[in-house]
Protein chains: 2
Amino acid sequence: MPTHEHMLATANSYIDGFAQHNVAAIIELFADNATVEDPVGSTQVTGQAAIRNFYEHAMSMRLTLTLEGPVRIVADYAAFPFSIHLTTSNGKRRIDAIDIFRFNKDGKIIEMRAFWGPQNNHQIK
Amino acid sequence: MPTHEHMLATANSYIDGFAQHNVAAIIELFADNATVEDPVGSTQVTGQAAIRNFYEHAMSMRLTLTLEGPVRIVADYAAFPFSIHLTTSNGKRRIDAIDIFRFNKDGKIIEMRAFWGPQNNHQIK
């Protein structure tokens with residue numbers, strides 16, 4: 001089981017990776033055979049190559065992620081609330097999300113699920 | 001699939017049920033064969049009778065629950081960050097948690113998982 005400190009550091013590295021537009025730093029947090037389901041209910045993205053594509057696309061949207069409360073850590077999971085800010089051709093938007101990371105014994109994210117739906121995606125000033 | 005509005009109302013009823021010390025109102029939100037895993041990693045509590053015992057015990061601790069951000073709703077899930085305040089013989093404590101509710105097609109909670117660990121449980125003034 002990875003340590004509390006390791007899982008907390010991983011969540012923070014994930015947020016920081018977006019701030020620094022550093023896809024490589026984010027991909028490194030994931031296991032080779034990890035799955036990403038973002039949002040929950042959508043088709044899972046599986047494996048590092050597909051996950052890299054997913055995050056390269058996300059980065060191209062110039063998302064800003066802000067942690068909106070403490071990272072909850074228990075068993076082999078980290079869960080955290082955050083907001084995503086982005087600018088589209090129709091203006092600025094804010095999405096409120098919760099991510100759940102499950103870790104493998106090597107301390108890599110083996111499963112990521114992002115909880116946010118249409119009503120969590122708001123136009124803002 | 002239950003509606004967004006129904007899942008949001010259920011999350012709010014759950015928080016309100018604690019404020020009103022109304023175990024019956026909370027139990028009614030769950031399916032007969034629901035599971036509760038609180039915290040994640042602990043033994044699942046299964047079925048309405050066991051879930052009732054679980055919440056009666058929680059109520060006896062005079063917990064106060066406060067929503068700490070918007071309820072995230074997607075697919076058949078509601079996810080929300082909240083804090084729990086309680087008073088023990090050793091003083092006041094705050095626990096930061098995230099609950100995930102999964103709903104069945106009848107709009108009842110079929111699975112509840114609570115993400116909080118020892119480091120999310122703080123002594124406060």
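Modeller: The questions and answers below treat the two chains, their interface and some local features.

Modeller: This is a predicted model, in which local features need pLDDT of at least 70, side-chain atom pairs count only at pLDDT 80 or more, and totals for chains, interfaces and linings use all residues. Residues are numbered from 1 along each chain as its sequence is written, chains are lettered from A and ligands numbered from 1 in the order in which they are written, and side-chain values use heavy atoms, with hydrogens and water left out.

Biologist: Which residues of chain A lose the most area to chain B?

Modeller: Buried area is the accessible area (1.4 Å probe) that two parts lose on being put together, summed over both. Chain A and chain B bury about 2000 Å² between them, 64% of it on carbon and sulfur atoms. Together accounting for 30% of what the side of chain A buries, the residues that lose the most are R72(A), V74(A) and F115(A).

Biologist: Which element gives the most to the side of chain A that touches chain B?

Modeller: Strands (E, at least two residues) and helices (H or I, at least four) are DSSP runs, numbered from the N terminus. In chain A, β4 (72–74), β5 (77–88), β6 (91–103) and β7 (109–115) each supply at least two residues of that side. With five residues, the element that gives the most is β5(A).

Biologist: How many salt bridges does the rule find across the interface?

Modeller: In contact, meaning heavy atoms within 4.5 Å, are 26 residues of chain A with 26 residues of chain B. A salt bridge is a side-chain nitrogen of Lys or Arg within 4 Å of a carboxyl oxygen of Asp or Glu. Between chain A and chain B, the number found is zero.

Biologist: Where does P39(A) lie?

Modeller: The peptide bond from D38(A) to P39(A) is cis, with omega near 0°. P39(A) has its place in chain A, in the loop between β1 (30–37) and β2 (45–46).

Biologist: Where is A75(A) found?

Modeller: A75(A) is a residue other than glycine with a positive phi, near 55°. Its place in chain A is the loop between β4 and β5.
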